[in-house]
Amino acid sequence: MPPSNITAQKRTEAPRCHCVPLSPGKKFKSLTEIMKTAKKCELDDEDFVDVCCEECGSGDQEEEMLLCDKCDRGFHIYCLRPIVVRVPAGPWFCSRCSGKEEVRAFPLRQTKIMEFFRIQKCMGGGAEKCRASPDVRRRRKRPAYLGSSKKSRKLLPFNPTEDPVQRLEQMGSLATALSALKMEFSNELTYLPAMAPRSANRAMLENGGMQVLSKEDAETLELCQTMWKHGEWPPLLVVFDSLEGFTVVADGHIKDLTLIAEYTGDVDYLLNRENDDCDSMMTLLLTEDLSKSLVICPDVRGNIARFINGINNHTPEGRKKRNLKCVRYNVNGECRALLVATRDIAKGERLYYDYNGYEHAYPTHHFV
Ligand SMILES: C[S@@+](CC[C@H](N)C(=O)[O-])C[C@H]1O[C@@H](n2cnc3c(N)ncnc32)[C@H](O)[C@@H]1O
Ligand SMILES: [Zn+2]
Ligand SMILES: [Zn+2]
C-alpha cells in the first residue's frame with residue numbers, strides 16, 4: 001500500500017500553505033499539495049485494513065476516501081450527499097455519527113419572520129409603502145434604464161414578489177436554511193474585534209486594482225439595501241436537494257444584470273483561515289502582501305448568497321447552467337462582493353455561478 005493512500009485515509013495534519021485561495025472554498029489545499037507535505041502515519045501491516053466506501057461499495061480511489069473519525073467507516077467524498085469537495089483539514093464525522101438533526105421548517109408567521117430578519121417597518125406603513133416611497137424612487141435617477149441597460153451594462157435593482165404570502169414563504173425558506181446551520185442573518189459585512197478591522201478593507205490594496213462601482217450602480221446597490229431592510233427581497237427560495245444540499249431557486253422571473261445579493265459574513269484575514277473547513281469562504285481582497293488579504297466567512301452570519309451553488313466548470317453542461325456571476329467592486333474605497341444575473345432567469349430555475357472566478361482553485365469536478 002503506497003504511503004500516500006494511508007495519508008489520505010487517516011487525514012494526517014494538513015500542511016500550511018501560502019497559495020492564493022479564491023471564491024468559496026478557497027482556503028482548501030489541493031490533494032496533491034497535501035500529499036506532498038503531509039506527515040505520514042506509522043501503521044503496522046496488521047493494523048491496516050482495506051476500506052470500502054459505504055455508499056458505492058468500492059475500495060477504489062482511496063485518495064478520495066474519507067474515514068469517519070468516530071466509527072472509522074469509509075466514504076468517497078463524491079459519494080456523500082451533499083458531496084464534500086475536499087478532504088477536510090479537521091476531524092470529520094459521517095451523518096450517523098454527527099447526529100445531524102432533520103431540517104426543521106421555520107414557522108411562517110409574519111412576526112417571527114420580521115424578528116428573525118430584523119426587518120424595519122417603514123414610517124407609517126408596511127413594506128409595500130417603502131417601495132412606492134417617493135424618496136426611494138427619487139434616489140434612483142435612472143429614467144428608462146430597463147431598455148438601455150443591456151447596452152450600457154448597468155446593474156438593475158431586483159423586483160420583489162408582489163404576493164405577500166409568497167414573499168413570506170421565500171423568507172421562511174431562508175430562515176429554515178440559516179437555522180439548520182445555526183447561522184444568524186446578516187445582510188452586510190461584519191467586522192469583529194478578533195478578526196480584520198474595517199480599516200483593513202481597502203480596495204486600493206487589491207493586486208492589479210479593483211473596478212470601481214459607478215455612481216449609478218452604487219445608487220442601485222443602495223436602493224436594494226433599502227428594500228432588503230424593509231423586507232422587499234428578490235424572488236428567491238432556498239430549497240434542500242439530496243444531491244446538492246441547500247440550493248437557491250428563482251421564484252419569479254429575474255432579468256439579466258439584476259443585482260441578486262451581496263456576499264456577506266464576517267471579514268477575516270485570509271491567513272487566519274488557511275485551515276478552516278468552512279466551504280463557503282469568498283475572497284474579498286487579494287493583496288500583493290498576502291498578510292493583508294481578506295476573506296468573507298459566512299459560517300456564523302450570512303445571507304442567501306451563502307446558499308447559491310456552483311457550476312461544474314469542467315463540463316459544458318455545467319458551464320451552461322451558469323446564470324450569475326460574483327463580482328468584486330470598489331464601493332467608496334471598500335471592497336464588496338456582489339452576485340449579479342448574467343442572463344434572464346426563468347421562474348423555477350436554480351441559480352449557479354462559477355466558484356472559480358480567476359483560476360481553478362476550487363475543485364468542482366464532482367459537482368452535479
Ligand atoms: C457555498 S456552499 C453552497 C450551499 C450548500 N449546498 C449547502 O448545502 O450549504 C458550497 C457547497 O455546496 C455544495 N455544492 C455547491 N455546488 C454544488 C453542485 N453543483 N453540486 C453538488 N454540490 C454542490 C458543495 O458541498 C460545496 O462545498
Ligand atoms: Zn463511493
Ligand atoms: Zn461515523
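Guide: We begin with the ligand. The residues of the shell around ligand 1 divide into 9 nonpolar, 7 polar and 3 charged. Here Ala, Val, Leu, Ile, Met, Phe, Trp, Tyr, Cys and Pro count as nonpolar, Asp, Glu, Lys and Arg as charged, and the others, Gly among them, as polar. This is a predicted model, in which local features need pLDDT of at least 70, side-chain atom pairs count only at pLDDT 80 or more, and totals for chains, interfaces and linings use all residues. Residues are numbered from 1 along each chain as its sequence is written, while chains are lettered from A and ligands numbered from 1 in the order in which they are written.

Visitor: Which residues come nearest to ligand 1?

Guide: A residue is near a molecule if its C-beta atom, placed from the backbone, lies within 6 Å of it. Of the 19 residues around ligand 1, those that come nearest are Gly245, Phe246, Asp279, Asn309 and Phe367. The most come from β5, with 3 residues. Helices (H or I, at least four residues) and strands (E, at least two) are DSSP runs, numbered from the N terminus; the protein has 10 helices and 14 strands.

Visitor: How is pLDDT to be read, and what is its mean for the protein?

Guide: pLDDT is the predictor's confidence in each residue, from 0 to 100. The mean for the protein is 80, and 77% of its residues reach 70 or more. Over residues 1–22 the pLDDT stays under 50, and the model has 59 contacts beyond four places in sequence for them. Residues 25–30 also have pLDDT below 50, with 20 contacts beyond near neighbours in sequence. Two residues are in contact if their C-beta atoms, placed from the backbone, lie within 7 Å. Where pLDDT is low, the predicted coordinates should not be read in detail.

Visitor: What is the strand order of the open sheet of 3 strands?

Guide: Two strands pair if DSSP finds at least two bridges between them. The order is β6-β13-β12, with antiparallel pairing. At the edges are β6 (259–262) and β12 (324–331), each of which pairs on one side only. Strand β13 (residues 334–341) is joined to β12 by 8 bridges, and Val327 has Leu338 in β13 as its bridge partner.

Visitor: Which residues lie on each side of strand β9?

Guide: In a regular strand the side chains alternate between the two faces of the sheet. Strand β9 (residues 294–297) has Leu294 and Ile296 on one side and Val295 and Cys297 on the other, all buried. A residue is buried if 20 or more other C-beta atoms lie within 10 Å of its own, exposed if 12 or fewer, and partly exposed in between. Antiparallel to β9 run β7 (residues 266–269), joined by 4 bridges, and β8 (residues 282–285), joined by 3 bridges. Val295 stands opposite Asp268 and also opposite Thr283.

Visitor: Is Leu257, with its positive phi, buried or exposed?

Guide: Leu257 has a phi of about 75 degrees although it is not a glycine. This residue lies in the loop between β5 and β6, and counts as buried because 21 C-beta neighbours lie inside 10 Å. Lys182 likewise has a positive phi, near 55 degrees. Lys182, however, counts as exposed, because it has 8 C-beta neighbours inside 10 Å.
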